[in-house]
Amino acid sequence: MPQALQTYVRVVDAFNRRVGRIVMYGVFVLMGILLYSSISKGLFLPAHWTLEMAQFVMAGYYLLGGAYSLQLDSHVRMDLLYGRWSPKTKAVVDVITIMMLFVYLFFLLWGGVSSTSYALQYSETSYSSWSPYMAPVKIVMVVGIFLTFLQATSIFIKDLAVAMGRPIA
């Protein structure tokens, strides 16, 4: 594989590894919000922002962690036949299936950018009583999808290298 592709793989993998390891602590933020929600409902007036904020944190958690999860190969996979195949056969199948992932991520990114643009242009807010601006969570959504696209490209390059008999170390 050309040196530029190997560098791309190293940079994207390292960046998504760092982002993923930082974002995984978001579960503690989520737990704190939900704990505060429970306490506020039991002891004093319930906070209106907790449910929606928990949803936003959870969305950021799984969208920004998606690329890291993809990198660790921890997504769900139908392993009926796949586990028995040789690494080269697995790589060939992965090269084909990741092209479908590219199509999915392209449309997801396209819709995300469109939705984010709308949220920024019209100062879109939620319809809840808290009524927060939607742009920040939509920006996080687009960033997460883009990082997943970059990671999918990195995996495509690695699988292509294995399929060609020249794996990237």
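Colleague: Hi! Starting with helix H2, how many residues does it have, and how far does it reach from its first C-alpha to its last?

Modeller: Hello! Helix H2 covers residues 26–43, so to speak 18 residues, and reaches 26 Å from its first C-alpha to its last, close to the 26 Å expected at 1.5 Å a residue. Keep in mind that this is a predicted model.

Colleague: Thanks. Which residues of H2 are buried?

Modeller: Gly26, Leu30, Ile33, Ser37 and Ser40 are the buried residues of H2. They cover an arc of only 95 degrees around the axis, which puts them on the same side of H2.

Colleague: And which ones are exposed on the other side of H2?

Modeller: There you find Phe28, Leu35, Ser38, Gly42 and Leu43, which are exposed.

Colleague: What covers the buried residues of H2?

Modeller: The cover includes helix H1 (3–23) and H3.

Colleague: OK, over to H1. How far apart are its end C-alpha atoms?

Modeller: They are 30 Å apart, which agrees with the 30 Å that the 21 residues of H1 should span at 1.5 Å a residue.

Colleague: Which residues of H1 are buried?

Modeller: Val9, Val12, Asp13, Asn16, Val19, Gly20 and Val23 are buried in H1. Their arc around the axis is only 140 degrees, which puts them on the same side of H1. The buried residues of H1 pack against H2, H3 and H5.

Colleague: What does the face of H1 turned away from its buried side carry?

Modeller: That face carries the exposed residues Val11, Arg18 and Ile22.

Colleague: Now H3 and H5. At what angle do they pack?

Modeller: Helix H3 (residues 50–71) and helix H5 (residues 135–163) pack at about 10 degrees, and their axes are 8 Å apart. With that angle, H3 is roughly parallel to H5.

Colleague: Which residues meet there?

Modeller: On the H3 side they include Phe56, Ala59, Leu63 and Leu70, and on the H5 side they include Val137, Met141, Ile145 and Ile155.

Colleague: How many of the residues in that contact are nonpolar, polar or charged?

Modeller: The contact of H3 with H5 has 14 nonpolar residues, six polar and no charged.

Colleague: Last topic: where is threonine 153 found, and is that residue buried or exposed?

Modeller: Threonine 153 is in helix H5. Its relative accessible area is 18%, and the cut-off for buried is under 20%, so threonine 153 is buried.

Colleague: What is threonine 153 in contact with, leaving aside its neighbours within four places in sequence?

Modeller: Setting those neighbours aside, threonine 153 is in contact with Tyr8 and Phe102.

Methods: Residues are numbered from 1 along each chain as its sequence is written. This is a predicted model: local features need pLDDT of at least 70, side-chain atom pairs count only at pLDDT 80 or more; totals for chains, interfaces and linings use all residues. Side-chain values use heavy atoms; hydrogens and water are left out. Axes are lines fitted to C-alpha atoms, for helices over the stretch in contact, and angles run from 0 to 180 degrees between N-to-C directions. Helices (H or I, at least four residues) and strands (E, at least two) are DSSP runs, numbered from the N terminus. Angles under 35 degrees count as roughly parallel, over 145 as roughly antiparallel, 65 to 115 as roughly perpendicular and the rest as oblique. Contact means heavy atoms within 4.5 Å. Ala, Val, Leu, Ile, Met, Phe, Trp, Tyr, Cys and Pro count as nonpolar, Asp, Glu, Lys and Arg as charged, and the others, Gly among them, as polar. The expected span of a helix is 1.5 Å times one less than its number of residues. Buried means under 20% relative accessible area, exposed over 50%, partly exposed in between (1.4 Å probe, protein chains only). The arc is that of the directions from the helix axis to the C-beta atoms.
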